[in-house]
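Subject: Structure handover

Hi,

My notes on what turned up follow below it.

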Amino acid sequence: MVNLTKFVKKVHMNKSIEKLLNDQIKYEANASMHYMAMASWADSNGYNGIAEFFYNQSEEERVHMLKLVKFVNERSGKVAIPALEKPKADFESLQELFEDFLKSEMFVTEQINHVIFECLDKKDYNVHNFMQWYVTEQLEEEAVARTLLDKLNIIGDDKSGHYLFDRDINTIATAVDPTA
Ligand code: OFO
């Protein structure tokens, strides 16, 4: 007869992976608040298109966090809902805003790579499979962040360029092909 108690114990999430997934919950939540602060800054400075873009990014990050919370619970792991960092509220320029956006995405990609590494090390192919969605998502978001920063660097300090960038940001972002 199979010892089911032993089996159930075995399918519980590996502790180091559980810890990394909880860290990831925190990074996604921090990114969500960070982008909310960016949206609010853009809103209060008359950049309505950029504000809309970051409000949407903030919501996307919240959904990424939620997906992880549900996944850890489904897999019998323990979720610790984290306290969050106070996000930066002021930016010197649009360049600074979008440099921070790119840095934030690069940071999250690096953390996801740690999770993937640990999954392979611990042979947890279910979590590895689940995390592939995040890998693809990061590829896309980093490509968008890079493209937007490149455009802004071309525009420089030109005010009419900023006006057009604000007007067209969503068109520019949706046209990015991360595999190109
Ligand atoms: Fe969560 O997608 Fe970027 O950070």
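**Helix α5 and its ends**

The 31 residues of α5 should span 45 Å at 1.5 Å a residue, and the end C-alpha atoms are 45 Å apart, so the two agree. Please keep in mind that this is a predicted model. α5 does have a kink of about 30°, centred on Met131. After α5 comes Gly156, with a positive phi near 60°.

The start of α5 involves Asp124. A side-chain oxygen of Asp124 comes within 3.3 Å of the backbone nitrogen of Asn126 there. The Asp124 side chain also reaches the backbone nitrogen of Val127, at 3.1 Å. Asp124 itself sits in the loop between α4 and α5. Is Asp124 buried or exposed? Asp124 counts as buried, because its relative accessibility is 11% and the cut-off for buried is under 20%. Leaving out residues up to four places away in sequence, Asp124 touches Ile17, Arg75 and Cys119.

**Helix α2**

α2 covers residues 15-44, which makes 30 residues. From first C-alpha to last, α2 reaches 44 Å, close to the 44 Å expected at 1.5 Å a residue. Gly46 follows α2 and has a positive phi, near 85°.

The side chains of Asp23 and Lys19 meet at 2.8 Å, N to O. Both residues lie in α2, 4 residues apart, about one turn of the helix. In general, an α-helix has 3.6 residues a turn, so residues three or four places apart point the same way. Asp23 is buried, at 16% relative accessible area.

**Cores**

The largest nonpolar core has 27 residues. Which of them touch the most other members? They are Ile50, Phe53, Phe54, Leu97, Phe98, Phe101 and Leu148. Another core lies apart from it, with 20 residues, among them Val69, Val79, Ile112 and Val127.

Phe53 touches Phe98, Phe101, Val144, Leu148, Ile169, Asn170 and Ala173, not counting residues up to four places away in sequence.

**Other salt bridges**

The structure holds 11 salt bridges. One of them joins the side chains of Lys88 and Asp100, at 2.8 Å, N to O. This pair links distant parts of the chain, with Lys88 in the loop between α3 and α4 and Asp100 in helix α4, 12 residues apart. Lys88 is partly exposed, with a relative accessible area of 35%. Asp100 is buried, with a relative accessible area of 11%.

Arg167 and Asp168 form another salt bridge, their closest N and O atoms being 2.9 Å apart. Arg167 is exposed, at 54% relative accessible area. Asp168 is partly exposed, at 25%. As for networks, salt bridges that share partners join Lys88, Glu96, Asp100 and Lys103 into one.

**Loops**

Ser76 has a phi near 60°, and Lys123 has one of about 55°. For context, most residues other than glycine have a negative phi.

Ser76 lies in the loop between α3 and α4. Ser76 counts as partly exposed, because its relative accessibility is 42%. Lys123 lies in the loop between α4 and α5. Lys123 is exposed, because its relative accessible area is 60% and the cut-off for exposed is over 50%.

Ser93 is also in the loop between α3 and α4. Ser93 is partly exposed, with a relative accessible area of 26%. How far is Ser93 from Asp157, 64 residues apart along the chain? Their C-alpha atoms are separated by 9.2 Å.

Best regards

Terms used. Residues are numbered from 1 along each chain as its sequence is written. This is a predicted model: local features need pLDDT of at least 70, side-chain atom pairs count only at pLDDT 80 or more; totals for chains, interfaces and linings use all residues. Side-chain values use heavy atoms; hydrogens and water are left out. Helices (H or I, at least four residues) and strands (E, at least two) are DSSP runs, numbered from the N terminus. The expected span of a helix is 1.5 Å times one less than its number of residues. A nonpolar core is a set of buried Ala, Val, Leu, Ile, Met, Phe, Trp, Tyr and Cys residues joined through side-chain atoms within 4.5 Å. Buried means under 20% relative accessible area, exposed over 50%, partly exposed in between (1.4 Å probe, protein chains only). Contact means heavy atoms within 4.5 Å. A polar contact is a pair of N or O atoms within 3.5 Å; within protein, one must be able to donate a hydrogen and the other to accept it, and residues adjacent in sequence count only if both atoms are side-chain atoms. A salt bridge is a side-chain nitrogen of Lys or Arg within 4 Å of a carboxyl oxygen of Asp or Glu. The bend at a residue is the angle between axes fitted to the seven residues ending there and the seven starting there.
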